[in-house]
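Trainee: I have this one open on screen and would like to learn how to read it. Please take me through it feature by feature.

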Amino acid sequence: MSKLQKNKNKNWLVAVLALLIFLALGFGPARVELSAQKKKTDKRISALYNKNQKKATPLSSQAERKEAIRRIKAMSLSQTGGTGDKYSREKVLVKFKPGLTTQSADSLLKAYQAESYHLIPKINVYVVRIEDGVSVEDTLSALKVNPDVLYAGPDYKLRLCATPNDQLFSYQYALSNPGGVLLIPGSPTGKPQADIKATGAWDYAKGDPNVLIAVLDTGIDYTHPELVNQVIDHGKDFVNDDNEAYDDVWHGTHVAGIIAAQTNNSAGIAGVAWNCRLLAGKIIGAEGEGDYSDLIEALIWAADYTNGAAKVGVINMSIGGTEPDEFLEEALQYAYNKGIVLVAAAGNDGSQGVYYPAAYDNYCLAVGATDYNDQIADFSNYGPEMDVAAPGVGIISTYPVALTDPGYLPYAFADGTSMAAPHVAGLAALIKSVKPWLYPGDIMKIIKYSPDDVDSTGWDDYSGYGRLNAKRALAPYVLK
Ligand SMILES: [Ca+2]
Ligand SMILES: [Ca+2]
Ligand SMILES: [Ca+2]
Ligand SMILES: [Ca+2]
């Protein structure tokens, strides 16, 4: 008997023993069936979202599928924040002509009913707070006719130039967390700035349309109003073997929206990588599971894909399986060597053991999930392969139009490391857009070494290097 044959027999014996123990422990027929399936040479992968603790139950019925996510109803959305005023109603800015003494300036300002004021040194501009009931306009017209005044003007409101105008942006604490009561299911209280600093990052990059993010998942609803202009074509369906990677679940559509929903279009949500485009590879079927072989094939396809000047820069895998596989590793290496950044979800069992492909340290970033308080989500898997964490609790994103009930908007909230990984993929695409010469290993390092430390001090098993900080990853490095 050859050594290989011996090992095979040994493996078989272990499998039978495991099955017997399984049965002895009283697992029902459904579990036996599942374990029998494992013996197939083609290993199974699944989508990594929170299935409401029913982890062994595939989401077979429409009702169960809806139960796993929470939806928002269409309603009037006036929560845009701020007063909408162009300038402050309480303050004006004044600069006097050179030569006017401080005492003269003081008495002059008091004459204009200034409640208080202070001087900005170097440029000699007074910030003047006016009394209640006195209008900014009246104060300014009076100041402007005073011969001692060089300039008087309103104190204009500062707005981040990169804050998008998307209707549902205020629901996206993951991108910009204001703290206080959040507009997500359960209305929890969030910690200010427990977010990925997306608005700060957008000052440096909004994405290049020729940088594609391949979403290897359940497909994408490419008819969705927020995605129709973001997908480069209808992708490839490795489950049904056709060129329509349409999403009949919801998972891939949700992931795609987080990465690159159409942004600053006054509608829907904002994506992390505004101007990058999406490519769908459908590897998970309607039942929420798929085969390693489809993932492997999709990795090679995505790595080789080109369309004009566009090619894949990042691959997002919000999917995974518990088994390592050398062919999978080889496919990851192939994509990595083509300059592609690979991002994968860590898994949702809340236990030790990072899923594959995330666990492949050499090629993949393993992503865990945090919440609105920068706490690690209880479902997030952990282990020595962890790299970073990103928000993955109460994440709003796009939902297939065909699956949306009348009266609801095609958006939904979902939980999972599946929702965390696409934030990282979006950042990788932004970095790739502004620094196309960087190797995947360089981009992985930038993403790993720029987060905000969360959980226990320093690198830890749960969050890796910490919660993603997109602004720090993109800001020019300043020598001190
Ligand atoms: Ca299809
Ligand atoms: Ca939008
Ligand atoms: Ca790793
Ligand atoms: Ca830490």
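Mentor: Names come before anything else: helices (H or I, at least four residues) and strands (E, at least two) are DSSP runs, numbered from the N terminus. This is a predicted model, so local features need pLDDT of at least 70 and side-chain atom pairs pLDDT 80 or more, while totals for chains, interfaces and linings use all residues. Residues are numbered from 1 along each chain as its sequence is written, and chains are lettered from A and ligands numbered from 1 in the order written.

Trainee: How many helices and strands does the protein chain have?

Mentor: Twelve helices and 20 strands. Contacts (C-beta atoms, placed from the backbone, within 7 Å) say how the chain folds back: of those between residues at least 6 apart in sequence, 72% link residues at least 24 apart.

Trainee: And what share of the residues is buried?

Mentor: Count other C-beta atoms, placed from the backbone, within 10 Å of a residue's own: 20 or more is buried, 12 or fewer exposed, in between partly exposed. Here 46% of the 480 residues count as buried. Now look at H4, residues 102-111: the number buried among its ten residues is zero, so the helix lies largely in the open.

Trainee: Which residue has a positive phi of about 65 degrees although it is not a glycine?

Mentor: Asn264, in the loop between helix H7 (251-260) and strand E11 (277-282). Asn264 is partly exposed, with 17 other C-beta atoms within 10 Å. Asp374, also not a glycine, has a positive phi near 65 degrees and sits in the loop between E17 and strand E18 (388-391). With 21 C-beta neighbours inside 10 Å, Asp374 is buried.

Trainee: Where is Pro357?

Mentor: In the loop between strands E16 (341-345) and E17 (364-370). A cis peptide bond, omega about 15 degrees, joins Tyr356 to Pro357.

Trainee: What describes two packed helices?

Mentor: The angle and the distance between their axes. Val424, Leu427, Ala428, Ile431 and Lys432 of H10 meet Ile443, Ile446 and Ile447 of H11.

Methods: Two residues are in contact if their C-beta atoms, placed from the backbone, lie within 7 Å.
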